[in-house]
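Here is a friendly briefing to read alongside the model. Have the structure open and follow the topics in order.

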Amino acid sequence: TSNTLFQLGSNSKAFTALGVLKLHEDGLINLYDSIKKYIPWLKLYYNNEEEEIKIKDFMCHTSGIPSDTIEKIPSLDEKHEEAIERTVRMLVGTELNSRPGTEYEYATINYDVLGLLIECVSNLKYEDYIKKYVLNPLGLYETYLYKSEAEKHDMSSGYKIGFFSPRKYNAPMYEGNKPAGYIISNADDM
């Protein structure tokens, strides 16, 4: 039904972008600031030289981060309190595919960096910030940031083809990738 909950996939990035824009609107960040102003340990390189990457470059997928970094995102469940930070930390030392701000390359982890930015600036967990400053003001009360909470409601089941027929599939969780792909909602809220 239109109440059935499902993971939004990359549509989750829109919520993260709204959270970042709220920080900008409130004067807490500037989209042209270097990410290192807020996450000083995030050292990324182009041609073996450390680069300054603007917040807007993460939002626009022009950070230079390689798209294949998706393969490095660790499988973490809700018990991992610092899942977003753990995910972003695996980027440290990454060699960029292009100089920041010069080329578009879709890399889902750009939005995990933005999720960590939200945590660092707001001093709130990503989920708490998004609920308070994005979901609640929009009246999205059937949109969830934790799978365990959504499962108490009308959560859909995942399926995978196996032996020529669909079978229920409980996919691994990637809590550290939530700002990029794991917000849960339904058609009514969307």
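Helix α4 has 13 residues (110–122), which at 1.5 Å a residue should span 18 Å, and its end C-alpha atoms are 19 Å apart, which agrees. The expected span here is 1.5 Å times one less than the number of residues, and helices (H or I, at least four residues) and strands (E, at least two) are DSSP runs, numbered from the N terminus. This is a predicted model, in which local features need pLDDT of at least 70 and side-chain atom pairs count only at pLDDT 80 or more, while totals for chains, interfaces and linings use all residues. Residues are numbered from 1 along each chain as its sequence is written, and side-chain values use heavy atoms, with hydrogens and water left out.

**Around helix α4**
- Of the 13 residues in α4, 12 are buried (under 20% relative accessible area; exposed is over 50%, partly exposed in between, with a 1.4 Å probe and protein chains only).
- Among the buried residues of α4 are Tyr111, Leu114, Leu117 and Ile118.
- The cover over them includes α1 (12–25), α2 (55–59), α3 (83–89), α5 (126–138) and α7 (178–181).
- Just after α4, Asn123 has a positive phi of about 60°.

**Where α1 meets α5**
- The two helices α1 and α5 pack at an angle of about 90°, with axes 10 Å apart; axes are lines fitted to C-alpha atoms, for helices over the stretch in contact, and angles run from 0 to 180 degrees between N-to-C directions.
- α1 and α5 are therefore roughly perpendicular (65 to 115 degrees; under 35 is roughly parallel, over 145 roughly antiparallel, the rest oblique).
- On the α1 side, Phe15, Thr16, Leu18, Gly19, Lys22 and Leu23 take part, and they meet α5 residues including Tyr126, Ile130 and Leu138; contact means heavy atoms within 4.5 Å.

**Aromatic pairs**
- The count comes to two aromatic pairs (ring centres of Phe, Tyr and Trp, its six-membered ring, within 6.5 Å; planes under 30 degrees apart are stacked, over 60 edge-to-face, the rest tilted).
- Tyr129 and Tyr133 make a tilted pair, 4.7 Å centre to centre with 35° between the planes.
- Being four residues apart in helix α5, Tyr129 and Tyr133 are separated by about one helical turn.
- Tyr129 is buried at 2% relative accessible area, whereas Tyr133 is partly exposed at 32%.
- Tyr174 and Tyr182 also form a tilted pair, at 6.2 Å and 40°.

**Tyr45 in strand β2**
- Tyr45 lies in β2 (residues 45–46) and is partly exposed, at 24% relative accessible area.
- Tyr45 and Arg99 are 54 residues apart in sequence and 8.8 Å apart in space, C-alpha to C-alpha.
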